[in-house]
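Please read it alongside the sequence and the structure shown here.

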2 protein chains.
Amino acid sequence: MNNNKVNASIITIGDELLIGQTIDTNSAWMGQQLNKLGIWVKRRVAVGDVYDDIWKALDEESQHSDLILLTGGLGPTADDITKPLLCKYFGGQLVTNADALENVKLIFSKYLNRPLLQVNINQAEVPSVCTVLLNKQGTAPGMWFERNGKYFVSLPGVPNEMKGLMIDYVLPKLPTLFTLPAVVHRTLLTAGIGESFLAEKIKDFESALPTYIKLAYLPNYGMVRLRLTGIGDSLYEVTTEVEKLFAELQVQVQDVMVINDDVTMQEAIGKMLLQKQKTVSTAESCTGGYVAHLITSIAGSSAYFNGSVVSYLNEVKAAMLGVKEETLQRFGAVSEATVLEMASGVKAAMKTDYSIAISGIMGPDGGTDDKPVGTVWIAVAGNSGVAAKKFNFSFDRKRNIELTATYAFNFLREVMLQNDY
Amino acid sequence: MNNNKVNASIITIGDELLIGQTIDTNSAWMGQQLNKLGIWVKRRVAVGDVYDDIWKALDEESQHSDLILLTGGLGPTADDITKPLLCKYFGGQLVTNADALENVKLIFSKYLNRPLLQVNINQAEVPSVCTVLLNKQGTAPGMWFERNGKYFVSLPGVPNEMKGLMIDYVLPKLPTLFTLPAVVHRTLLTAGIGESFLAEKIKDFESALPTYIKLAYLPNYGMVRLRLTGIGDSLYEVTTEVEKLFAELQVQVQDVMVINDDVTMQEAIGKMLLQKQKTVSTAESCTGGYVAHLITSIAGSSAYFNGSVVSYLNEVKAAMLGVKEETLQRFGAVSEATVLEMASGVKAAMKTDYSIAISGIMGPDGGTDDKPVGTVWIAVAGNSGVAAKKFNFSFDRKRNIELTATYAFNFLREVMLQNDY
C-alpha cells in the first residue's frame, strides 16, 4: 500500500448549483481525471455566491486536502466576488494580465465576431500572485495559487473551458508536484440483473479480494457496472493482480456481461456491429427517437446505422413501415403483432441486417386496464427472422424511456450473439 | 427582509460520486424543492464511503445548517457503514423495523418477483432512535433524526426513491418545523443571444433592482434563462413587486424571449403548437433523432408530433424523404438544397403543418475544407413555403448536437410567429 495518499477537494461556486438550476457535471469529470492519476477526491463542496461561504470553504478544504480545485464564479456576469476574494485570500493586487487580455481578444475574433464589452475586458484581471492559465475556449483565465505547501486552482464553470484548462495545464502538472500511487481500474458492464442478485452471485469472489483491491457496483437503468480498483506502489504488481482478478470476475458473470470494458451500452453495441460488419435501423414509437439518438451519439456510427422511422402516429406506422391497418385495428399499436411488422418494415425500408422496433405506453397518461403505463413491446429482426418480447416498467416517463432503450439494446445483443436465428 | 433564514446542507455519500462514475442529479432536485419552500441550501458536500469522513461531514454541516439531508450509502451492497454510523452518532441500537420489513416484502412481490435475500431483509434494520420513513419505491427506508434542535434526514441515493420520500414525508413536514420566508421566482427563456450581451442590454434594469430581488443568468446551449427571485416576509408584497419587475423585464428582452415561463425550449414549442393546433415532424441526419427525442420527452406530445425520419444514409434521404439523387450528387448531403427537400419531403410524408430538417457534420471526423466540422444546415417548412439557414458550431459532438437542436427549435418558433410565410 502506498501511504502518501494525495487528497483533493473540489469546490464549486454558484447559487445556480445550490438551488438546483444547474446539474454539476464538472465535479464528476474532474473526479474521474484525478482518480486516474492516483489522486483521491476526498470531498466535493458546493457553496453559493456568498463571500463568507467561499472563504470558509477555502479554509476548511485546505485542512482536508493537498489540492483544492475551484470552479465557477468567473463568468462575465458573475457578481465580482470570487476574484477579489482570491486576491485577498492569497494576497497581492488585482491586475490586468496582458496575455489573458490578448486571449480575450482572440476568443472574440475567433468565435464571437462581436465587439468587446467592458465586462469582457475585465475578465483579463487576475490577482498578481497567481500563475495565469490561458483559456483557449473562453474569456475567463484559470488561476494557480500555492500557500503553505497546498495548491489551489481556480477554473471557470463552463464545462468545456474547465476541461480544456485541466487537460492543458493542471493534469500534466500534478505528477510533478506529488508522489502518486499506481491506480488500476478495470470495469465491465452487465445488463438484465439487479444489484443485489449480482452481489449474491459473486459474494465469494468479493469476500476473497485482497485489501488493496476494491469492487464497486455502479447501477444505472437496467445495467450494473462492476469496477475493480487496485491501488499500490508498483504499477506492474497492481496491474498483474487486477488483470488476474478481472479475468476471474468475467467468468463468474459471463451470462449477464455485455462487454468487458468501461463503455456505454450503445458503444458496446456499436463495437459488435462494426466487428460483424452489420448494420442496424430502428422503428420507434414510444421512445420517440431516443434509441437512434443514443446510437448516433457515438462518433463513427454511420458505419453501422442507416436510419430510423419515429412513427408516433398509427398512420405513419402504416404508411412508412408497412404495418397492416388490420393489425393495428385488431391488436392495437402496442402489441406483439405490430412491433413484429414494424421491425420487418424498417429493416426492409432501411436495407439493414438488423432492426429494433419499439411500441409502448410511457406515461403518465395513455394506460388502460389491459395495457397499463409501462407496457412496452420490443422486436428485433435479423436476417432469418424476427422476435418480440413484452416488458412492464413502472417508473416515470423519463426512466421508462431509458429502461426501454437499455432492454432494446440488450435484446439486439442477444440476437447478434445467437448469430442470428 | 426575513431574518429567520433557514439553512440546509445536503450531504451525498458514495465513492462513485467522488470518482465521477455517477453524476449527482439528486442534489439539484433537492435544492429546487427546498428553495421553493424558502429554505436556502447553503452547502452541498459529497464524501466517500469512509466512516470518519461521513462523521466529520455530519459534525461540520450541523454547524452550518439547521437541516441536514443525507443521500446514499443505504443500498443492499453498500459497505454497511452509514447505518451503523448513524446509530452511533445519534445513539440507540440497530433494530429490525416491522413496517420497513413489510415494505421490503411488498416491493419484492410488487416489482421484482424474485426471492428475498438476506441483504434485502437487512435493509429493514434501522437505528432505534429514528423515525422510519417508508419507501414506496424501494427497499431502503428513509430515517429522520433530531439532535440539539437540528434535523437530519437520511435518504437512499436512488433518485426516484429519494424523490418519493421527499415528496411523501420531508417536504410536507418542513413548514411545520420552521418559520419560512416568502420566496417568489419568475423565470423567462431567451435564445440566440450570449450572456454578456444580454447583461449589457438589461444593465440599467439590473442595477435598479431593490436589494431583496435578485436577477440570475442561467446559460445553457444557445439559450439563457433569466430568473428574478424575491425574498421577504409578505408573500403578497414580494409577489406584487416581482410580477411588476418581471413584466418590465419581458418588455426589455422581447426580441430574444422564447417564453415567459421556466420551461424547456421543447416545452415552449409544444405549447405553441398545441395553442395553434398545428403539427410538426422532423427529418434528421446529423442530430440522429435527438430533436424528435426532445419533442417526445414531453408527455402529451402525440397531440402535435406525428413522427420523424432519421436519414443517416443518403439512400434513406432519397427513398424515404424524396430528396432527388441529383440534388445529393450536385450539392451534397450537407447543403441548402438537400435540407429544403428533406423538410418538404418529411412534411408531406408525415402530413404535418410544419417540419424541421437538419443535415450537418457533428464531428470529430467528416469535415472538409469546404464544409468543416460544425457546419449545419437547418430548414423549416410551413404551409406556404420552406426556408433554410446555415450554422457553424465549433464545439464537440455532443455540444454541437445540443446547439443544433436549440437553433432548430428557435427557427421553427420564428416561422410560427411570422404566422407562416
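In this predicted model, Met162(B) is buried, because 26 other C-beta atoms lie within 10 Å, and a residue counts as buried if there are 20 or more of them.

**Surroundings of Met162(B)**

- Met162(B) lies in helix H7 of chain B, which covers residues 159–177.
- When residues up to four places away in sequence are left out, Met162(B) is in contact with Asn26(B), Thr71(B), Leu155(B), Pro156(B) and Gly157(B).
- Although Met162(B) and Gly72(B) are 90 residues apart along the chain, 9.1 Å separates their C-alpha atoms.

**Relation between the copies**

- Chain B is superposed on chain A, with an RMSD of 0.1 Å, by a rotation of 180° together with a shift of 0.1 Å along the axis, and the two copies are thus related as by a two-fold rotation axis.

**The contact between the chains**

- Chain B contributes 73 residues to the contact and chain A contributes 73 residues; on the side of chain B that touches chain A, 34 are nonpolar, 24 are polar and 15 are charged.
- Since 100% of the interface residues of chain B are also interface residues in chain A, the copies meet through the same surface.

Conventions. Residues are numbered from 1 along each chain as its sequence is written. Chains are lettered from A and ligands numbered from 1 in the order in which they are written. This is a predicted model: local features need pLDDT of at least 70, side-chain atom pairs count only at pLDDT 80 or more; totals for chains, interfaces and linings use all residues. Helices (H or I, at least four residues) and strands (E, at least two) are DSSP runs, numbered from the N terminus. A residue is buried if 20 or more other C-beta atoms lie within 10 Å of its own, exposed if 12 or fewer, and partly exposed in between; C-beta atoms are placed from the backbone. Two residues are in contact if their C-beta atoms, placed from the backbone, lie within 7 Å. Copies are superposed by least squares on the C-alpha atoms of residues with pLDDT of at least 70 in both. Ala, Val, Leu, Ile, Met, Phe, Trp, Tyr, Cys and Pro count as nonpolar, Asp, Glu, Lys and Arg as charged, and the others, Gly among them, as polar.
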